[in-house]
Amino acid sequence: QLSCLVKIVTLHGIPKDLDSYPKDLLLFLSPSDYAATGSCRQYFANIGKANLDVLQRESSQRKQLLLEALACLKIPGMQVDEENAEVLGHLVCDLGGEYIRSSGGNLLKQLSQCESFLPNQEEAIRSVISSGNTTFGPPVMWSAFTLNELSGLIPVFGHSILQKIPK
């Protein structure tokens, strides 16, 4: 339905008010289509707010979106800073374990909104949290507020992390 809607919306060219359309619609446009109305950064900030599950998790379309986002944001290597993590939004759910490890705690807030994780992502999340080198500090210092902030990651923690969190 969304891809049909995109064809109708773009029949007479790319509308100038693309930002007023549903974010999910943008998943079926390319950054170059969007370029006439804004920057690629703005495009990916909108994509990051879209429901990525409209596209299958390992689909070539989703992989391409992530690659284009990383190129647009000029992310060197595997380290994503907090500002770029904010722009990527839900796209961080598709970043591999290497990115999660290299970025330290910068991705945790966005990762906590993901529906599911691949095994290498789960390992990386546990590794980052266990290190204690995040803005949240080590699990032994966490409060109810911290758990609330990271609530989407709780199923990934595992027994070794959970037992360190104060009652």
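A disulfide, counted here as a pair of cysteine sulfur atoms within 2.5 Å, joins Cys93 to Cys114, with the sulfur atoms 2.0 Å apart. The model is a predicted one, in which local features need pLDDT of at least 70 and side-chain atom pairs count only at pLDDT 80 or more, while totals for chains, interfaces and linings use all residues. Residues are numbered from 1 along each chain as its sequence is written, and side-chain values use heavy atoms, with hydrogens and water left out.

The torsion about the S-S bond of Cys93 and Cys114 is about -95 degrees, so this disulfide is left-handed. Cys93 lies in the loop between α6 (82-88) and α7 (97-102) and Cys114 in the loop between α8 (108-111) and α9, so the bond ties together parts that are 21 residues apart in sequence. Helices are DSSP runs (H or I, at least four residues), as strands are (E, at least two), and they are numbered from the N terminus.

The structure holds two disulfides, and the other joins Cys40 to Cys72. The link of Cys40 and Cys72 is right-handed, with 90 degrees about the S-S bond, and it connects helix α4 (residues 40-47), where Cys40 sits, with helix α5 (residues 60-72), where Cys72 sits, 32 residues apart. With the bonded cysteines numbered in sequence order, the pairing is 1-2, 3-4.

| Residue | Relative accessible area | Class |
|---|---|---|
| Cys40 | 31% | partly exposed |
| Cys72 | 14% | buried |
| Cys93 | 7% | buried |
| Cys114 | 8% | buried |

The structure also holds two aromatic pairs. Rings of Phe, Tyr and Trp (its six-membered ring) pair if their centres lie within 6.5 Å, and planes under 30 degrees apart count as stacked, over 60 as edge-to-face and the rest as tilted. Tyr43 and Phe44 form an edge-to-face pair, at 4.8 Å centre to centre and 75 degrees between the planes. Tyr43 counts as buried at 0% relative accessibility, and Phe44 is likewise buried at 0%. Trp142 and Phe157 form a tilted pair, with 5.5 Å between the centres and 50 degrees between the planes. This pair links distant parts of the chain, since Trp142 is in the loop between α9 (119-131) and α10 (144-149) and Phe157 is in helix α11 (residues 154-157), 15 residues apart. Trp142 is buried, with a relative accessible area of 5%, and Phe157 is buried at 0%.

Leaving aside residues up to four places away in sequence, Ile161 touches Arg126, Ile129, Ser130 and Pro139, where contact means heavy atoms within 4.5 Å.

Turning to the whole protein, there are twelve helices and zero strands. The C-alpha atoms fill a box of roughly 60 × 30 × 25 Å, taken along the principal axes. Buried residues make up 42% of the 167 residues. Among the contacts with a separation of 6 or more, 50% are accounted for by residues 24 or more positions apart.

Notes: Buried < 20%, exposed > 50% of the residue type's maximum accessible area, 1.4 Å probe, protein only.
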